[in-house]
Amino acid sequence: MSDFIQQALQLNPQGQPWLAELKRLGASRWAESTLPTRKTEAWKYTRLRPLETGNYLAHPRPVRTGDPIAEHYQIAGLNSLQLGFVAGQYQAALSTSQWPEGLTLVRFSEATAEQAKLIASHIDSLTERGKHLFAALNACWLEEGVFLHLAVHAEIAQPIQLVWLTTRQDAGFSTAQRLLVLAEPGAQATLVEHFASDTAEQNSFTNGISEIVLQAGARLTYYRLNLEEEHALHIGGAHFGLAEGAVLNAFCLAMGSSLKRLDLVVHHLGESAHCDLNGVYLARRDQHVDIHSCIEHAVPRCTTEEIFRGIVGDSAQAVFNGRIHIHAQAQKTSARLSNKNLLTSADAEVDTKPELEIYANDVQCAHGATVAQLDEQLLYYFLSRGISRREAEVMLSFGFINELLACLAHPAIGDYLRPLLASHFADDPQLARHIA
């Protein structure tokens, strides 16, 4: 057993009694594991050295509720219902006090006996026990979590925003974020998972797992925004289960950091389910970002549309692995995957691997990936019209991903992201104004 695995086992809070078996199984799986190396296919291009060598295995200290942190997560014009956490600790000041009819949003520590029974019956049902190592660690560390329950045919008009904030503390620390969503038949809602931090150099490690169960005919628009400061470490995953006729429209945005790894897994479990999974990842300086997506088509007549775009600059590295698995019984499947990457530096690196694994014979599937640099002809076009080369590079880089931002179902989120991305592409405010 490696030192990190052994030490991580010691960071095991008490948690809720009704989650004791889940915690025990998670601790057992973690203890029996070894950390991935470059010989581990799913981690071939992602090293865990920043996690192993950092000083993160400690509980966070209590946070001051008066810290000015609202500016780091508020999305103007979204008018969302909110539940907020700072360093894994619930903050009433960041949270809505009442929920509309049909929506239950409760912390595990405050769940009633009936809610606890419902949580226990669904939690860890989608994480494919034994396949995702850090899901086992999350279960081991599980002390608090969030249960979002949508009643039958509930239609929640306001977006629901879960805020997971970190702030720099005196010493490094770890948090385990856990979310379980249960959307009953015919329910409809929008969910924003917002991971953010203050502007100080972070010294945190977030291990985040979200499980989202969409029952028959349920519809969910889902945003996962990983916008932490670049020194924050994050290894997490979002796991979706789609029953018959369920519809998932998901968008993920991940900024690079010292170590960022996201696993996005969609299980088509009922016929005629549909998934739109789009995303953007951005890395610069010496940052690293790793996106692994897996779409499991286990039943007939389901559809998937997946588009991811990445921009990598300086000496940063990005990894994208997109897998679509068509099981033998999944006839009449339609699935398409596209991954396009833009390198803005000769020292930047992208490792992309789209995969199709098909065992059915009556399907329509396609996949593709590209890695390219900025088009010199387009650059010349801008330069010939008096635009500086740096301005042209910024505008073309932003245009590469703006198509996905323009298609977001909630324009307020696009309006919120554009100035953030503007500052990412152009450290000079005079350049940022061209794309904000």
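User: Which residues does Ser-204 touch, not counting residues up to four places away in sequence?
Analyst: Ser-204 touches Tyr-56, Thr-166, Phe-173, Ala-232 and Leu-233, leaving out residues up to four places away in sequence, where a contact means heavy atoms within 4.5 Å. This is a predicted model, in which local features need pLDDT of at least 70 and side-chain atom pairs count only at pLDDT 80 or more, while totals for chains, interfaces and linings use all residues. Residues are numbered from 1 along each chain as its sequence is written, and side-chain values use heavy atoms, with hydrogens and water left out.

User: And where is Ser-204, buried or exposed?
Analyst: Ser-204 has its place in strand S8, and with 1% relative accessibility it counts as buried. Buried means under 20% relative accessible area, exposed means over 50%, and partly exposed lies in between (1.4 Å probe, protein chains only). Strands (E, at least two residues) and helices (H or I, at least four) are DSSP runs numbered from the N terminus.

User: Ok, helices then. Why is H5 largely enclosed?
Analyst: Helix H5, which spans residues 133-141, is largely enclosed by the rest of the structure because 9 of its 9 residues are buried. Among these buried residues are Leu-133, Phe-134, Asn-138, Cys-140 and Trp-141.

User: What covers the buried residues of H5?
Analyst: The cover includes helix H1 (3-10), H2 and H3, together with strand S6 (173-183), strand S8 (204-214) and strand S10 (233-242).

User: Switching to charges, how many salt bridges does the structure hold?
Analyst: The structure holds 21 salt bridges, each being a side-chain nitrogen of Lys or Arg within 4 Å of a carboxyl oxygen of Asp or Glu. One of them joins the side chains of Lys-260 and Glu-228, at 3.0 Å from N to O. Lys-260 lies in strand S12 (residues 260-268) and Glu-228 in the loop between strand S9 (219-226) and S10, so this pair ties together parts that are 32 residues apart in sequence. Both Lys-260 and Glu-228 are buried.

User: What about Asp-290, which residue forms a salt bridge with that one?
Analyst: Asp-290 pairs with Arg-261, and their closest N and O atoms are 3.0 Å apart. Because Asp-290 lies in strand S14 (residues 288-297) and Arg-261 in strand S12, the pair ties together parts that are 29 residues apart in sequence. Asp-290 and Arg-261 are both buried.

User: And where do Arg-309 and Glu-403 lie?
Analyst: The side chains of Arg-309 and Glu-403 meet in a salt bridge of 3.4 Å, N to O. Arg-309 is in strand S15 (residues 303-312) and Glu-403 is in helix H7 (residues 389-406), so the pair ties together parts that are 94 residues apart in sequence. Arg-309 counts as buried at 12% relative accessibility, whereas Glu-403 is partly exposed, with a relative accessible area of 47%.

User: Which residues are linked in a network of salt bridges?
Analyst: Arg-29, Asp-124, Arg-178 and Glu-211 are linked in such a network.

User: Now the backbone: what is the phi of Ala-87?
Analyst: Ala-87 has a positive phi of about 50°, although it is not a glycine. Ala-87 is found in the loop between strand S1 (81-86) and strand S2 (89-91), and at 2% relative accessibility it counts as buried.

User: How about Ser-272, what is its phi?
Analyst: Ser-272 is not a glycine either, and its phi is positive at about 65°. The loop that holds Ser-272 runs between S12 and strand S13 (274-283), and Ser-272 counts as partly exposed at 43% relative accessibility.

User: Last topic, Asp-347: where is it in the structure?
Analyst: Asp-347 sits in the loop between strand S17 (334-343) and strand S18 (349-358), and at 60% relative accessibility it counts as exposed. Leaving aside its neighbours within four places in sequence, Asp-347 is in contact with Asp-314, Ser-315 and Ala-316.

User: How many residues apart in sequence are Asp-347 and Leu-103, and how far apart in space?
Analyst: Asp-347 and Leu-103 are 244 residues apart in sequence, and the spacing from C-alpha to C-alpha is 48 Å.
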